[in-house]
Amino acid sequence: MHTMIAQSWSHLQELLFDDSWSPAITRYRSPFVFRGLPDSHFNLKTSLARLGGEYAGLERHLLRNFRKYGHDSFDTTGPIWHWLTMAQHQGLPTRLLDWTYSPFVAMHFATADIRLGDKDGVIWKVNYHDSCKQLPEPMREKLENEGGNVFTVELLTELVRDLDAFAQLDQSDFFLFFEPPSLDGRIINQHALFSVASSASVLMDELLNKTNTQFKRVILPAALKWEVRDKLDQANITERVLFPGLEGLSQWLKRHYSPRG
């Protein structure tokens, strides 16, 4: 695991935008996706895993009942990847993890919880181009034929109809990234995508090491958090933008007018 510590606002940006140059297309197009957390001790644990206990065995029951009781709110006959995204989006514990293509959005999530302002934050960056190498051959070939590095819901549905079939694609555990449908402005504004593992019981931290996928951890020291937070606010990277609507507006105002410490 490669861990780096940001020394300043400019150094943080250098670390996050590092390796963005792509000689193949002569453009600055980063192969990394990002996930910001307010405490550097937090690992890449899914909301399902945070339930504790025999959480992997609960997944089937959670999804079955979400589908059963939510039938009047979304198309329950659609692909599982669509309503799994819907479930994650609405706060149901799932095996999905939220990521973003934007380093600045990741900075937001590393600094938004001012209750943890005295804790070092962390931003994980994972090479999603590199992650394709560990995919089962049918999935890897499908992506290569499409000329992509990240799945769409439609592409995933062509390969896998349910989570049981997903797990059976390979004897070894693996993960992939996919872009959710644009359900609302929140997903669009956060430049969001998800990671999903072939097994609900395996953590992303373990898979990154196991599959030798390139990743880094950028530590955001507590002493630097308030500067980063205030500059993000000035750059309009706030809850008001990332969570469109009155709830996001209220979250932004509450944090913005809270006294430091």
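The following dialogue examines how several descriptions of this predicted model follow from their definitions.

Colleague: What conventions apply to the model and its numbering?

Modeller: The model is predicted, so local features need pLDDT of at least 70 and side-chain atom pairs count only at pLDDT 80 or more, while totals for chains, interfaces and linings use all residues. Residues are numbered from 1 along each chain as its sequence is written, and side-chain values use heavy atoms, with hydrogens and water left out.

Colleague: What makes up the secondary structure of the protein, and what makes it as compact as a globular protein of that length?

Modeller: There are 13 helices and 10 strands; helices (H or I, at least four residues) and strands (E, at least two) are DSSP runs, numbered from the N terminus. The radius of gyration, taken over C-alpha atoms, is set against the globule rule, 2.2 Å times the number of residues to the power 0.38. For 261 residues the rule gives 18 Å and the protein has 19 Å, which is close, so the protein is as compact as a globular protein of that length. The C-alpha trace spans about 50 × 45 × 35 Å along its principal axes.

Colleague: How many of the contacts with a separation of 6 or more join residues 24 or more positions apart?

Modeller: Such residues account for 74% of those contacts, a contact being heavy atoms within 4.5 Å.

Colleague: Why is Arg95 called buried?

Modeller: Buried means under 20% relative accessible area, exposed over 50%, and partly exposed in between (1.4 Å probe, protein chains only). Arg95 has 8% relative accessibility and therefore counts as buried. Glu59, also at 8%, is buried.

Colleague: What makes Arg95 and Glu59 a salt bridge?

Modeller: The definition asks for a side-chain nitrogen of Lys or Arg within 4 Å of a carboxyl oxygen of Asp or Glu. The N to O distance between Arg95 and Glu59 is 2.7 Å, and the pair qualifies. It links distant parts of the chain, 36 residues apart: Arg95 is in the loop between helix 3 (80–89) and strand 5 (97–100), and Glu59 is in helix 2 (residues 55–69). By this rule the count comes to 11 salt bridges.

Colleague: How do you know that Glu227 and Lys231 are separated by about one helical turn?

Modeller: Both are in helix 11 (residues 222–234), 4 residues apart, which means a separation of about one helical turn.

Colleague: Why is the pair of Asp233 and Arg255 said to tie together separate parts of the sequence?

Modeller: The side chains of Asp233 and Arg255 meet in a salt bridge at 2.9 Å, N to O. Asp233 lies in helix 11 and Arg255 in helix 13 (residues 246–256), so the pair ties together parts that are 22 residues apart in sequence. Both Asp233 and Arg255 are buried. Salt bridges that share partners join Arg229, Asp233, Glu239 and Arg255 into one network.

Colleague: What is the nearest side chain of opposite charge to Arg217, and how far away is it?

Modeller: Lys and Arg count as positive and Asp and Glu as negative, whereas His and the chain ends are not counted. For Arg217, which is buried, the nearest such partner is Asp205 at 6.7 Å, and there is no salt bridge. Arg217 lies in strand 10 (residues 215–220). A polar atom of the Arg217 side chain lies 2.8 Å from the backbone oxygen of Ser40.

Colleague: What makes helix 4 mostly covered?

Modeller: In helix 4 (residues 103–111), 7 of its 9 residues are buried, among them Val105, Met107 and His108.

How values were computed: Polar contact = N/O pair within 3.5 Å; in protein donor to acceptor, adjacent residues only side chain to side chain.
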